[in-house]
Amino acid sequence: MSFFSLLAFSLPVLSGTLIAHLLWLDKNSPLDLFFKFSLGTGLGLGISALLYFVCLLFFAGRSFFLYVEAALFLSLLTAAYLKRKRMVRASSPRLKITLPQAAILLAAVIVFLSSFIGMVNYSRQRARGDWDAWMIYNRAARFIFRGGENWRDAFSSEMGVIFHADYPPLLALNTASRWEILGEETAFVPMIQGFLFSLAALGLSFGALAELKSLAQGGVGLILLGGVPFFLGEGGRQTADLPLAFYLLASLVSLFFYFRDRRAAFLALAGFMAGLAAWTKNEGMLFLFASVGILFTAALWKRSLLDFLLYFAGALPSLLLLFYFKSQIAPPSEFLGGGSLFPYLADGSRHQLIFSAFEEFFLHGGGWFGIGIYLVLSAYFLLFYSRGGNPAPILISLAILVFQMIGYYVVYLISPYDLTWHIGYSLNRLFVQIYPSAVFVVLYAGATPEMIFPSRPK
Amino acid sequence: MLKKILRAFFLAAIVILGVGTGVESFRSSAEIHSNDESVINWDDRLSNLIALIPLERGMVGYLSNEDIPGAAFDPDDASGEYILTQYAVAPLVLIRGAEQDWNLLNLDPETYEKWIQENEDRYRLVGSGGGIYLARRVAQ
């Protein structure tokens with residue numbers, strides 16, 4: 001069943017990869033294909049979740065989603081074939097790997113393999129994921145798969161608040177649609193979905209840094225993602241934090257490509273990925289609001305709304321469906337209890353507790369020997385920052401991430417739960433969500449290993 | 001020059017620590033305690049009772065020690081069992097209390113005895129062992 005579960009994901013993954021291929025038709029080296037596959041995996045899974053939601057809205061209880069996915073795949077394959085015929089193939093330059101590059105890539109491969117096999121081991125022990133998986137995502141998937149025409153009961157307002165029926169449904173939709181295709185519930189499906197998003201996040205970080213900066217910088221990115229204790233373990237838990245981290249990273253990466261190549265499609269892709277982030281978890285909506293706000297401010301500064309509109313257009317499909325989901329299907333969030341927020345906002349002890357927790361994680365969380373990984377990243381940024389290139393995407397991305405952090409802070413401030421419990425239960429995962437994006441921006445802004453260890457001419 | 005040395009040192013430290021952590025996470029992953037059995041066992045324990053519920057859609061009551069004033073319970077266990085029960089009964093929605101036509105009871109023997117003395121004539125009960133019962137409300 002594990003093989004068939006993997007096979008059930010092949011159509012969305014290949015469709016997403018074909019879309020990435022169509023966007024980067026001129027890039028065809030093995031490294032580029034790796035990048036396209038990584039980006040396309042998350043893109044395809046996101047599109048699949050949107051399509052399945054539309055199918056449920058109009059044709060619930062009828063099992064033909066496989067044909068929808070097959071039709072999409074065949075259309076994209078035809079488009080790729082036609083485009084390929086029209087293109088003149090440019091020969092890609094032969095890749096020469098220097099000794100420092102080889103050393104870093106070897107280390108990155110060791111980190112990648114050991115961390116990934118560690119995650120597979122974790123999943124073998126916990127095939128059904130962790131607490132949040134049964135409570136939220138796999139629970140909702142069971143409702144959708146078993147409920148047929150009554151799939152909306154997954155988001156019933158009668159259900160206990162603890163089940164978070166208001167959470168965006170991307171993971172649950174993908175799990176339910178794979179179960180529908182396979183004709184049975186199997187624990188391999190959410191497990192494989194977790195693997196795919198983990199691999200996609202690593203591959204996207206590596207591929208984007210290798211393309212935008214250098215091969216060794218991609219390797220350093222891989223080491224920073226796979227070689228820290230707190231990040232990759234999330235992939236085996238079958239929760240939404242790592243998929244969300246993927247979409248945040250994918251949105252920022254697309255933004256960087258836009259600033260380099262000035263192709264409108266990349267900006268729309270950045271918006272689309274931000275929309276998928278909102279479709280994955282409520283914190284993704286925060287990211288969407290933050291990025292829309294920052295880009296709108298940038299547009300006012302430049303006195304041109306075109307960039308902003310392209311981004312917004314990309315986010316629109318997910319945003320419309322999410323609006324329908326939130327307003328017509330899901331119950332209200334527990335954060336919108338209706339009471340006044342002022343007592344929370346004005347409570348100094350809450351500010352102190354949240355600030356201390358953020359400070360503690362920043363200084364000591366997620367890194368090595370009690371030194372916080374975000375402290376390491378900050379030191380890296382200060383030490384390696386290299387002028388040159390376009391600072392705009394760095395500034396915009398950092399501003400988005402700072403607003404995302406401020407958003408997390410405010411969410412804690414108005415949390416209806418016991419604050420100490422809430423912080424203890426979730427803070428680590430909030431830092432996981434933005435970690436790949438933070439690593440990417442810091443490494444993009446920094447000097448590469450090739451600059452630090454230049455290879456001598458022979 | 002100093003900056004270059006610092007950068008080289010910093011980069012080397014990250015590579016070494018990253019490799020060390022990756023290998024350690026691989027090693028420690030073999031020692032992770034499995035929690036799958038608790039999910040599977042709970043599904044199995046409830047499956048006989050769930051099969052008796054003739055609803056394809058709707059609500060099922062859930063009564064545990066947590067809902068009965070004075071009854072002893074461990075908050076973590078109570079919360080976990082509530083979540084696993086909802087997971088098992090999907091696509092039926094679990095509602096706290098025993099006011100639905102069909103209700104699942106998850107009570108320790110002492111609490112069950114007290115509860116049944118007060119409610120015997122209101123419900124028909126089927127047991128599944130381990131303190132889990134299906135209680136069908138009888139029309140009064």
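## Helices 8 and 9 of chain A

Helix 8 of chain A and helix 9 of chain A are roughly antiparallel to each other (angles over 145 degrees count as roughly antiparallel, under 35 as roughly parallel, 65 to 115 as roughly perpendicular and the rest as oblique). This is a predicted model: local features need pLDDT of at least 70, side-chain atom pairs count only at pLDDT 80 or more, and totals for chains, interfaces and linings use all residues. Residues are numbered from 1 along each chain as its sequence is written, while chains are lettered from A and ligands numbered from 1 in the order in which they are written.

Helix 8 of chain A spans residues 188–212, and helix 9 of chain A spans residues 215–226. Helices (H or I, at least four residues) and strands (E, at least two) are DSSP runs, numbered from the N terminus. The two helices pack at an angle of about 155 degrees, with their axes 7 Å apart. Axes are lines fitted to C-alpha atoms, for helices over the stretch in contact, and angles run from 0 to 180 degrees between N-to-C directions.

Helix 8 of chain A brings residues including Ala201(A), Leu202(A) and Phe206(A) to the contact. From helix 9 of chain A come, among them, Leu215(A), Gly218(A) and Leu222(A). Contact here means C-beta atoms, placed from the backbone, within 7 Å. By class, the residues of this contact are eight nonpolar, six polar and no charged. Ala, Val, Leu, Ile, Met, Phe, Trp, Tyr, Cys and Pro count as nonpolar, Asp, Glu, Lys and Arg as charged, and the others, Gly among them, as polar.

## Helices 12 and 13 of chain A

Helix 12 (residues 282–302) of chain A packs against helix 13 (residues 306–329) of chain A at an angle of about 160 degrees, with axes 8 Å apart. That makes helix 12 of chain A roughly antiparallel to helix 13 of chain A. Their crossing is left-handed. Leu288(A), Val292(A), Leu295(A), Phe296(A) and Ala299(A) of helix 12 meet Asp307(A), Phe308(A), Tyr311(A), Phe312(A) and Ala315(A) of helix 13. Nine of these residues are nonpolar, none polar and one charged.

Leu322(A) also lies in helix 13 of chain A. Leu322(A) is buried, with 24 other C-beta atoms within 10 Å (20 or more count as buried, 12 or fewer as exposed, and in between as partly exposed; C-beta atoms are placed from the backbone). Leaving aside residues up to four places away in sequence, Leu322(A) touches Pro168(A), Ala278(A) and Trp279(A).

## Chain B

Chain B has four helices and five strands. From the N terminus on, its elements run α-α-β-α-β-β-α-β-β. The radius of gyration of chain B is 25 Å, well over the 14 Å that the globule rule gives for 140 residues, so chain B is more spread out than a compact globule. That radius is taken over C-alpha atoms, and the rule is 2.2 Å times the number of residues to the power 0.38. The C-alpha atoms of chain B fill a box of roughly 90 × 35 × 25 Å, taken along the principal axes. Buried residues make up 35% of the 140 residues in chain B.

## Where the chains meet

In all, 34 residues of chain B are in contact with 43 residues of chain A. Helix 1 of chain B gives the largest share of the chain B side, 17 residues. That side has 21 nonpolar, eight polar and five charged residues.

Definitions and conventions
A crossing is left-handed if the near helix is turned anticlockwise from the far one by less than a right angle, and right-handed if clockwise. Two residues are in contact if their C-beta atoms, placed from the backbone, lie within 7 Å.
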